[in-house]
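Please work through each task before reading its solution.

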Amino acid sequence: MTKGTGILYVVATPIGNLGDISQRALKTLAEVDLILCEDTRHWRKLAERHNLSTKCKSYHQHNEEGRTQEALSLLESGVNLALVSDAGTPCISDPGYRVVNEALEQGFIVSPIPGVSALIAALSASGLPLHEFQFLGFVPVKSGRRASFLKRALDSNMTTVVYESPYRILKTLDVLATEEPERTIFIARELTKKFEECIRDSALSIFDDFKNRQSIKGEFVLIISGLGKKASNSE
Ligand code: SAM
């Protein structure tokens, strides 16, 4: 049963190129009463680019409990809300879970306005089998947990997609190159941005390439092909 008239829209925003936002997303963001955004300064850049003047309030991991209660009261009184994160789709390794879950638990309508997500963008250009795949989120920081996490990916028959930071990508590539030097991996850096780079090769070749770079910058999606998928014969 749904109740009240307020709707919570979950709106995907760009991951780099500010043009990557749908017309429906822009219309929704212009028409709702309030936008809950991960970072108000970050949101303003997108708002300025698209002439959006809708009121916004922060919603992030440090205030989500209080903001969720506020959001539920607003929905109850018929106010329409949009949830956005700094990049891509809210709730995908980003804030939003609590307000979406509690809005549903309390019977409000939650409506997705789909768009970009870094993991889907990377998968779409990977040329790896995608009839099934697993997304494991961010690679853990600590080396023991990183090793078991990557083993889970390497031991899977499915294509695995993960997020990794520029500070740790080399360590992660090192583990993959050591464990399975011939396994095909795909690395997507700075998707939709000026220095976008997508490479598909063996774990060892990609590790050697990154090891020899003077600096490693940007945002990364890493895709590990399923068991038995070698670089020379990845299908
Ligand atoms: N909600 C976002 C989504 O739908 O993709 C993900 C947010 S998560 C906090 C940020 C991570 O996503 C980055 O550390 C990186 O791994 C990946 N990412 C975001 N933008 C990216 C881009 N332009 N190119 C490559 N990876 C990106």
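**Exercise 1.** How do the residues of the shell around the ligand divide into nonpolar, polar and charged?

*Solution.* This is a predicted model, in which local features need pLDDT of at least 70 and side-chain atom pairs count only at pLDDT 80 or more, while totals for chains, interfaces and linings use all residues. Residues are numbered from 1 along each chain as its sequence is written, and side-chain values use heavy atoms, with hydrogens and water left out. The shell comprises ten nonpolar, four polar and five charged residues, where Gly counts as polar and Tyr as nonpolar. Among the 19 residues around the ligand, those that come nearest are Asp-94, Ser-117, Ala-118, Tyr-163 and Phe-220 (near: a heavy atom within 4 Å).

**Exercise 2.** Identify polar contacts of the ligand (pairs of N or O atoms within 3.5 Å).

*Solution.* Begin with the backbone: ligand oxygen atoms lie 2.8 Å from a polar backbone atom of Ala-118 and 2.6 Å from one of Phe-220. Turning to side chains, a ligand nitrogen is 3.3 Å from an N or O atom of Glu-219. The protein covers 91% of the 570 Å² of accessible area that the ligand has on its own (Shrake-Rupley method, 1.4 Å probe).

**Exercise 3.** Which domains supply the shell around the ligand?

*Solution.* Domain 1 (7–113) and domain 2 (118–233), with bounds from an automatic or database assignment, each contribute at least three residues.

Conventions
Polar contact = N/O pair within 3.5 Å; in protein donor to acceptor, adjacent residues only side chain to side chain.
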